[in-house]
Amino acid sequence: ASLFISFTEWDMLSTPEWVGLDNYKNLFFEDPLALHSLNITLVFTFFSIPLNIIFGLALAMLLNTSIKGMSIFRTIFYFPAILSGVAVALMWKWIFSSEFGLLNALLNIIGIDGPSWLTDRIWVLPSFIIMRLWSVGGGMIIYLAGLQSIPSNLYEASNIDGANWWYRTRFITLPMLSPTIFFQLIVGFIFSMQIFTEAFIMTNGGPADASLFYLLYLY
C-alpha cells in the first residue's frame with residue numbers, strides 16, 4: 001500500500017490521484033536537501049548499527065552467567081531501552097551541553113577540552129551515534145536469549161578439546177548466534193532510518209542542517 005501511495009498525490013481526504021514518478025523526481029532531483037538528509041541518515045546508520053551489535057553482544061556475554069543477583073544487573077542494563085524518547089533526548093541534550101554538560105565536565109577532569117557537541121557540524125552526528133548506545137540493552141536481551149539457547153554440550157566438548165575463550169566464541173558462539181545477529185541487523189537498520197524524536201528535540205536539524213535526518217526533512 002505504501003509503495004502504491006508513493007506514486008500518487010493524496011491528501012488523505014480525497015481519492016488518490018496517480019502522478020507516476022513525479023514524487024520521486026521532485027524528491028531526488030529538485031530539492032538538494034532530500035539527498036543531503038538521506039546521506040546523513042545512512043552515515044548514522046552505517047556507524048550506529050555495528051556499534052550497537054558489538055556492545056549489545058559483549059554485554060550479553062558478560063551477563064550470561066548464573067551468578068546470584070545477575071537478574072538485577074540485566075534489569076538495570078535493559079531499563080534505558082524502555083524509557084520515553086522525549087525524556088532520553090532531553091537528558092542527552094543536557095549531557096552534551098557545551099556550557100554545563102556532564103560529558104564535558106568529565107573530560108575537563110582529565111584535562112581534555114570537550115567540543116561543542118550539538119552546535120558543531122563535525123561533532124553533532126557522532127553525538128547521536130554515541131547517544132544511540134544508550135538503548136543497547138534492548139539488543140542485549142535478544143542476544144542473551146540466543147546465548148542461552150546454545151546447547152551447553154558444545155562448550156563442554158570444546159573444553160575437553162582444550163579450546164580457549166576466543167576459539168569457543170569464534171567457532172561456537174558467533175555461528176550459533178548468526179540468525180540472532182542478522183535479525184538485529186535488520187531491526188537496527190529500520191530503527192536507525194526512523195530516527196526523528198531525538199534530532200527534533202536536541203538540534204532540530206542544526207547546525208547548518210548537519211543533523212537533518214531524513215524523517216526530520218520530511219517533517
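Is Phe 196 buried, exposed or partly exposed? Phe 196 turns out to be partly exposed, with a relative accessible area of 22%. Here, buried stands for under 20% relative accessible area and exposed for over 50%, with partly exposed in between (1.4 Å probe, protein chains only).

A quick word on where the values come from: this is a predicted model, in which local features need pLDDT of at least 70 and side-chain atom pairs count only at pLDDT 80 or more, while totals for chains, interfaces and linings use all residues. Residues are numbered from 1 along each chain as its sequence is written, and side-chain values use heavy atoms, with hydrogens and water left out.

Now for the rings. A pair of aromatic rings is described by how far apart the centres are and by the angle of the planes. Rings of Phe, Tyr and Trp (its six-membered ring) pair up if their centres lie within 6.5 Å; planes under 30 degrees apart make the pair stacked, over 60 edge-to-face, and the rest tilted. By that rule, the structure holds 13 aromatic pairs. One of them is formed by Phe 7 and Tyr 24, with ring centres 5.5 Å apart and planes at 50 degrees, so this pair is tilted. The pair links distant parts of the chain, 17 residues apart: Phe 7 sits in the loop between helix H1 (2-5) and strand E1, and Tyr 24 in helix H2 (residues 22-29). Tyr 24 is partly exposed, at 32% relative accessibility. Helices (H or I, at least four residues) and strands (E, at least two) are DSSP runs, numbered from the N terminus.

Back to Phe 196, which forms a stacked aromatic pair with Phe 200: 5.5 Å centre to centre, with 10 degrees between the planes. Phe 200 is partly exposed too, at 34% relative accessibility. Elsewhere, one aromatic cluster is made up of Trp 92, Phe 96, Trp 117, Trp 123 and Trp 134.

Gly 206 and Pro 207 are joined by a cis peptide bond, with omega at about -5 degrees. Pro 207 belongs to the loop between helix H12 (197-202) and helix H13 (214-218). Ala 208 is also placed in the loop between H12 and H13; although not a glycine, Ala 208 has a positive phi of about 55 degrees. Ala 208 is exposed, with a relative accessible area of 55%. Met 12, another residue that is not a glycine, has a positive phi of about 70 degrees. Met 12 lies in the loop between strand E1 (8-9) and strand E2 (17-18), and is exposed, with a relative accessible area of 65%.
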